[in-house]
Amino acid sequence: MSNVIKQFLREEDGVSAIEYGLLAGLIAVAIIATVTTIGGNLNTVFGYVQTALAGVKSPGG
């Protein structure tokens, strides 16, 4: 019985899976934060472009 407990305590497969899960979660959070920041900045840039082009007439009209 004690051999089974010792073997269970030495088992590291579950720990590796948890570490990979945490790593994947942190990467996902970083991606979401980056996309949110870049998206906000792009929205501002396109707003400036829209304002700058508001008075420009089209070539055909």
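## The annotated transmembrane region

In UniProt, an unreviewed entry marks residues 20–39 as a "transmembrane region"; such annotations may be inferred rather than shown by experiment, and their positions follow the numbering used here, with feature names shortened. In this predicted model, that span is 100% helix and 0% strand, and its end C-alpha atoms lie 28 Å apart. Helices (H or I, at least four residues) and strands (E, at least two) are DSSP runs, numbered from the N terminus.

Residues are numbered from 1 along each chain as its sequence is written. Local features need pLDDT of at least 70 and side-chain atom pairs pLDDT 80 or more, while totals for chains, interfaces and linings use all residues; side-chain values use heavy atoms, without hydrogens and water.

## The whole chain

Let's step back. The protein chain has two helices and zero strands. Its C-alpha atoms fill a box of roughly 90 × 20 × 10 Å along the principal axes. The radius of gyration, taken over C-alpha atoms, is 27 Å, whereas a compact globule of 61 residues would have one near 10 Å (the rule is 2.2 Å times the number of residues to the power 0.38).

How much of the chain is buried? Buried residues make up 0% of the 61, where buried means under 20% relative accessible area, exposed over 50% and partly exposed in between (1.4 Å probe, protein chains only).

Look for Phe 46 in helix α2 (residues 13–53). Phe 46 has a relative accessible area of 57%, so this residue is exposed.

Now find Glu 11, in the loop between α1 (2–10) and α2. Glu 11 counts as partly exposed because its relative accessibility is 42%. Its C-alpha atom is separated by 38 Å from that of Val 35, 24 residues apart along the chain.
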